Amino acid sequence: MKKYRCIVCDYVYDPVKGDPDNGIKPGTEFKDLPDDWLCPLCGVGKDQFVPLDEKSEETNKEIDMFCYQCSQTAKGTGCTVKGVCGKEPTVARLQDNLLFAIKGISAYLYHARELGYTDPEVDAFIEKGFYTTLTNVNFDAMDLVKLALEAGEMNIKTMQLLKKAHIDNYGEPVPTEVPTGTKKGHGIIVTGHSLKALEELLKQTEGKGINIYTHSETMPAHGYPGLHKYPHLVGQLGKAWFDQKETFSKYPVAILATSNCVLLPKDEYKDRLFTSGVAQVPDVIHIEDYDFTPVIEKALSLPELPEEPGKIVLTTGFGASTILSLKDKIKELVKAGKIKRFFLVGGCDSPLPMAKYYREFVEKLPEDTIVLTLACGKYRFNDLQLGDIEGIPRLIDLGQCNDAIVGIDIVAALSELFGLEINDLPLTFILSWMEQKAAAILWSLLYLNIKDMYLGPIIPGWANDDIVNYLVENYGITPIGDPEEDIKKIMG
Ligand code: SF4
Ligand code: SF4
C-alpha cells in the first residue's frame, strides 16, 4: 500500500492508518479517497499529493519558501514547500525580495526626511509594494520581477533625494584626508548613516573639549565642507560595522549609533552606548529629538584619550563634480592606453570568510586600472596605497552606500564622454552585499540594465535556482570566484 505526501505541508497519508477523524477507514488506498477529501493538516485537495518515495522524502527536508503571514499557514506554523493559498516558492521569494528592496529604500528615505526632503512618488510605490505582498493579491512571478525593477528605479530617485539633502545642507563633498588615530581629550565615536545626527552632535559639543570620531558608514561625513568645518571632528576609529565590539571596547569614550548596523553591545561598553533615530538596543539610552545632552555628559565623565596618531590616513569625499572636473584628463589617459579599465568595487562588508576576496581582488589589479568604491565594503582595502595614474588617484572613495548614486552619475558621464553604452565601457562592477539596502541598490543597477556584474560574498539566500537563472540569463550576474581568475577573465 503506497503512502502519499502533501506537497504543501508534508502531511503523509498512510493507507494502513487511513484518516479515521475524517471518516476514512484504515486500509483505504489513496486512489480510493473521495474526491472532496482534504488534507487534514492544511486543507488542500488530493491534487496536491504526490507518492512518497525515497526521493520525495529527501525533498521534504528542504525549505523551498517560508510564509506564515495568514491563518491558513501549513500546520499552523509556516508554508515551507508551497503556499496553502497556492503561492509557488519562487513567488514567495520574489515577494521577500520586493520587501527587502523596500526596506532598503525606506532607510534612505528616512535619512532624507530627517533633513526635510520627501518624495510622494516613492511613498506611493512603497504602499503599492507592501500591498502586493499581502495574502491572495499577486501570484505572478514576472510581475514581481517588474516590481523589483521599479523598486530599483524608486531607489535611484531616493538616493538622488538624499544626495540633494546632503549637498544642500553640507555642500558638495571634496576629497579630504581622514586621520585614524586619537587626539588628546574626551571623545565620542559616531557610527551609522545619519549626517543630521552627526551635525547636531557637532553643534552641541562645540567648545566643550570633546573630540568627535567617525566609525564605519559615518566616515564620508569628513568630505562635506559643512561638517568638516567643525575642528573637533577629528578622525576615524575602526573600520566596518562588525568591528564595533573590538573598537568600542578599545576606546573608553561615549558612543552614538545613529542608524542600522548597530550591534548588540558587550557589557563593557553598554553604559557608554547611546542610540538615536531608528536604532535601539535594550538597556541603552535612546536619544529623542537630537538632544544629545546625556551623550555629552557621559563623554565628559570618562577619561581623556591620549594623543596617539594613527598609522594610516584615509581619503574620502570624491563627489561627482570632482571626478567630472577630471574628465578630459581621464579621456586622454584612456585613449593613450594608460587607463585600461575602471572597477566599481563597492557595497557592504561582512565577517564572512569569503569577503577576503575584495582586498585580494583590488591588490591584484593591474596598475593601469582605477577603483571607485563606496559603502563599508571599502574598509577591506581602503588602506592600500594604490598611487595614481598621472594625477588621477587609483582608489576613489565616493562615500556611503547611498552614494551609489554618485557612482551611477559618474558611469552615465563616462558613457557620454566616450560615446558608448554603459555596458560597452571598460568598466566592471564588483559588488558585495550584506543587508537590504544593498538589495535595493542591486535592483537599481539592474533597472539601469547594467550587465555582467560580479556579486558576493554569497548569492542571496532568498534567490532560488529560478531567480538565479533569470539573473544570469538576463543580466550575466556572476558569483565572485578566485580573484586572480576573475581579473584575468575581465581584463581579457
Ligand atoms: S499567504 Fe499563502 S503561503 Fe503565506 S501563510 Fe498564507 S497560505 Fe501560506
Ligand atoms: S554598507 Fe551596508 S553593511 Fe555597511 S554599514 Fe552600510 S548598510 Fe551596513
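The legends below describe close-up views of a predicted model. Local features need pLDDT of at least 70 and side-chain atom pairs count only at pLDDT 80 or more, while totals for chains, interfaces and linings use all residues. Residues are numbered from 1 along each chain as its sequence is written, chains are lettered from A and ligands numbered from 1 in the order in which they are written, and side-chain values use heavy atoms, with hydrogens and water left out.

**View 1. The packing of helix H4 against helix H14.** Helix H4 (residues 141-170) and helix H14 (residues 436-447) pack at an angle of about 100°, with 7 Å between their axes; axes are lines fitted to C-alpha atoms, for helices over the stretch in contact, and angles run from 0 to 180 degrees between N-to-C directions. H4 is therefore roughly perpendicular to H14, a term used for angles of 65 to 115 degrees. Helices (H or I, at least four residues) and strands (E, at least two) are DSSP runs, numbered from the N terminus.

**View 2. The packing of helix H2 against helix H14.** Helix H2 (residues 89-114) and H14 pack at an angle of about 100°, and their axes are 7 Å apart, which means that H2 is roughly perpendicular to H14. The contact includes Phe100, Lys103 and Tyr108 of H2, together with Gln436, Lys437 and Trp443 of H14.

**View 3. The surroundings of ligand 1.** Ligand 1 is surrounded by 13 residues, of which Cys67, Cys70, Cys79, Cys85 and Thr135 are the closest; a residue is near a molecule if one of its heavy atoms lies within 4 Å of it. This shell around ligand 1 consists of seven nonpolar, five polar and one charged residues.

**View 4. The surroundings of ligand 2.** Around ligand 2 lie residues including His193, Trp241, Cys261, Glu435 and Lys437. The shell around ligand 2 has six nonpolar, one polar and three charged residues.

View 5. Glycine 456 and proline 457 are joined by a cis peptide bond, with omega about 0°. Proline 457 lies in the loop between strand E18 (454-456) and helix H15 (465-475).

Notes
Angles under 35 degrees count as roughly parallel, over 145 as roughly antiparallel, 65 to 115 as roughly perpendicular and the rest as oblique. Ala, Val, Leu, Ile, Met, Phe, Trp, Tyr, Cys and Pro count as nonpolar, Asp, Glu, Lys and Arg as charged, and the others, Gly among them, as polar. Contact means heavy atoms within 4.5 Å.
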